[in-house]
Amino acid sequence: MKRFTALLCLCAGTAWAAPVYTYSWTTTSQGFGAHVGQPTFATFDVAASVVQTGTIGYNDITNIQMAYPGLAFDNTTASIIGWTFSVPVDPVTGALQYLDPGQGLAVIAYAGASINDATTFLSITVGSPVGGAVKDQFNALNNGSPWAGFPTAGYWTARFVDDGTGNPVPEPGTLALLGLGLAGATAARRRKT
């Protein structure tokens with residue numbers, strides 16, 4: 001019985017992942033460059049608690065994942081491109097909104113010791129204001145030369161990641177630990193009988 005209680009305590013104390021909004025990029029038009037194309041994929045996460053405030057700051061963006069055909073990256077960062085250092089969002093859907101001509105952020109992938117010394121570079125704007133609306137764009141460079149870039153266009157789609165009830169989602173490691181705990185409890189119970 002002591003083992004069973006210990007296993008239940010271990011499982012009860014496991015971590016739960018905070019709900020997040022995952023933003024995914026879709027290209028709608030392509031621009032100039034030697035290799036006109038589009039990002040293979042681009043995503044980033046923002047905690048649901050941040051989205052619910054109605055504003056995303058550059059330091060609120062996490063888990064940036066970006067790829068572009070023919071370019072390699074080993075670092076990512078978020079950056080400001082406007083004067084507000086943030087972008088407004090719908091607090092329920094997470095959709096980017098236009099509010100201020102000075103708003104805007106960017107997510108960036110690059111290769112090199114620092115962004116200033118990058119050999120390859122991909123920047124995608126987030127909530128970039130153009131003509132009173134959000135019009136996001138991307139720009140890719142290879143050794144300082146345009147690979148593909150402005151004027152390009154696309155949009156970010158926000159998806160709320162939870163378990164369907166609005167409750168926190170267990171992290172994969174938590175589920176594995178819970179399964180091990182239940183298996184151990186079952187084995188301990190069988191030995192007693």
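Where in the chain does N63 lie? N63 lies in strand 5, and we will come back to this residue below.

## Getting started

Welcome to a predicted model, in which local features need pLDDT of at least 70, side-chain atom pairs count only at pLDDT 80 or more, and totals for chains, interfaces and linings use all residues. Residues are numbered from 1 along each chain as its sequence is written, and side-chain values use heavy atoms, with hydrogens and water left out.

The protein chain holds three helices and 15 strands. Helices (H or I, at least four residues) and strands (E, at least two) are DSSP runs, numbered from the N terminus. Of the 193 residues in the protein chain, 37% count as buried; buried means under 20% relative accessible area, exposed over 50%, and partly exposed in between, with a 1.4 Å probe and protein chains only. The protein chain exposes about 10500 Å², with carbon and sulfur atoms supplying 59% of it (Shrake-Rupley method, 1.4 Å probe).

## How confident is the model?

The mean pLDDT of the protein chain is 81, and 75% of its residues reach 70 or more. This score is the predictor's confidence in each residue, from 0 to 100.

Two stretches call for care when you look at them. Over residues 1-14, pLDDT stays under 50, and the model has 12 contacts beyond four places in sequence for them. A contact means heavy atoms within 4.5 Å.

Look next for an open sheet of five strands, in the order 6-8-9-12-13 with antiparallel pairing. Strand 6 (75-80) and strand 13 (145-148) each have a single partner strand, so one side of each is left without a neighbour in the sheet. On average, neighbouring strands of this sheet are turned by 25° against each other, direction ignored. Two strands pair if DSSP finds at least two bridges between them.

Strand 8 (residues 105-111) and strand 9 (residues 120-126) pair in the antiparallel sense over seven bridges, and V107 stands opposite I124 in strand 9. Strand 12 and strand 13 are joined over three bridges, again antiparallel, with N142 opposite S145 in strand 13. Their hairpin has two residues between the strands, and N143 takes a positive phi near 50° there.

## The nonpolar core

The largest nonpolar core has 30 residues, and those with the most contacts inside it are Y23, F44, I56, I61, V107, I124 and W156. Such a core is a set of buried Ala, Val, Leu, Ile, Met, Phe, Trp, Tyr and Cys residues joined through side-chain atoms within 4.5 Å. Among the elements that give two or more residues to this core are strand 2 (20-29), strand 3 (41-47), helix 2 (48-51) and strand 12 (138-142).

Leaving out residues up to four places away in sequence, I61 touches F44, D45, V46, I56, A78, L105 and V107.

Most residues other than glycine have a negative phi. N63 is not a glycine, yet has a positive phi of about 50°. At 44% relative accessibility, N63 counts as partly exposed.

F85 is not a glycine either, and has a positive phi of about 60°. F85 is found in the loop between strand 6 and strand 7 (86-88), and counts as partly exposed at 43% relative accessibility.

Technical notes: Axes fitted to C-alpha atoms, helices over the stretch in contact; angles between N-to-C directions.
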